[in-house]
Structure formats: C-alpha cells, structure tokens
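Subject: Handing over a structure

Dear colleague,

I am passing a structure on to you, together with some notes for a reader who has not seen it before. Please look at the sequence and the model first, and then read on.

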Amino acid sequence: MQQADFLPPGGQHATPIIAHAALNPGQHAAVTHGEGPILVIAGAGSGKTRTLVHRMAYLIEQGVEPESILLLTFTRRAAQEMLHRAGELTAGELIAAVNE
C-alpha cells in the first residue's frame, strides 16, 4: 500500500497512523478489509486488540466519523486498555468523541 491510502479526507497526517511493521499479514488484511463486517477469531495474545484498534484508526482515516464506530469488549479492564491504545494511536481523536 502507498501512504496515499492513509490520508484522511481534507487533511494529511505527518506519518501514517497504521504502522505496517506492527501488523502481521493476517492482521493487516483485517485492518484494511473493505466495507462491511469482518469476523476475527484468534487465540489469547495473538493481537486481536491491536487489530481492532488499528481497524478503528483505518476507518477514521477513510473518513468514518469516530462517533459511528463501536468497539466492544467483555470486561471493564479490557475496555479501558482498548480505549487507551485507541487514544495513543489516534492522538486522542477517539477519546474526544467518547467524552462528548
């Protein structure tokens, strides 16, 4: 993929949000999946949260409003970790939407 694939509408990130080196080929395929749902099944410690957070960042870069993205998990601790990672990856863009 070229960096142009990661430019948000009406703007440009200094560096792409999605770090290709942080994703394996399967994770990258899930992150950049086209429109519609995708099912990710993987074992503990395999990078599911990383994949979900990068998918969220990818959708934001493609022009999807953060307010329309729903991230779900089963525990409060996991939810806090997911929001923390999402905030780091998107420079707080998601956290601001959650707090509005």
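This is a predicted model: local features need pLDDT of at least 70, side-chain atom pairs count only at pLDDT 80 or more; totals for chains, interfaces and linings use all residues.

The protein chain holds four helices and zero strands, and, read along the sequence, its pattern is α-α-α-α. Of the 100 residues in the protein chain, 29% are buried. Among the contacts in the chain with a separation of 6 or more, 54% are between residues 24 or more positions apart.

The helix pair I looked at is made of α2, which covers residues 48-61, and α3, which covers residues 76-89; their axes come within 10 Å and cross at roughly 45 degrees. An angle between 35 and 65 degrees is neither roughly parallel nor roughly perpendicular, and α2 and α3 are therefore oblique to each other. The crossing of these two helices, α2 and α3, is right-handed. On the α2 side, the residues that meet α3 are Thr49, Arg50, Leu52, Val53, His54, Met56 and Ala57, and their partners in α3 are Met82, Arg85, Ala86 and Leu89. Sorted by kind, the residues of this contact of α2 with α3 comprise seven nonpolar, two polar and two charged.

The largest nonpolar core has eight residues in all, namely Val53, Met56, Ala57, Ile60, Ile69, Met82, Ala86 and Leu89. Two or more residues of this core are given by each of the elements α2 and α3, and the largest share, four residues, comes from α2. For Val53, one of the core residues, the contacts beyond its neighbours within four places in sequence are with Met82, Arg85, Ala86 and Leu89.

Which residues does Thr51 contact, once its neighbours within four places in sequence are left aside? Thr51, whose place is in helix α2, is then in contact with Gln27, Ala30 and Val31. Its relative accessible area is 5%, and because buried means under 20%, Thr51 counts as buried.

Lastly, Leu71 lies in the loop between α2 and α3. Is Leu71 buried, exposed or partly exposed? Its relative accessibility is 26%, which falls between the 20% limit for buried and the 50% limit for exposed, so Leu71 counts as partly exposed.

With best regards

Methods. Residues are numbered from 1 along each chain as its sequence is written. Side-chain values use heavy atoms; hydrogens and water are left out. Axes are lines fitted to C-alpha atoms, for helices over the stretch in contact, and angles run from 0 to 180 degrees between N-to-C directions. Angles under 35 degrees count as roughly parallel, over 145 as roughly antiparallel, 65 to 115 as roughly perpendicular and the rest as oblique. A crossing is left-handed if the near helix is turned anticlockwise from the far one by less than a right angle, and right-handed if clockwise. Contact means heavy atoms within 4.5 Å. Ala, Val, Leu, Ile, Met, Phe, Trp, Tyr, Cys and Pro count as nonpolar, Asp, Glu, Lys and Arg as charged, and the others, Gly among them, as polar. Buried means under 20% relative accessible area, exposed over 50%, partly exposed in between (1.4 Å probe, protein chains only). A nonpolar core is a set of buried Ala, Val, Leu, Ile, Met, Phe, Trp, Tyr and Cys residues joined through side-chain atoms within 4.5 Å.
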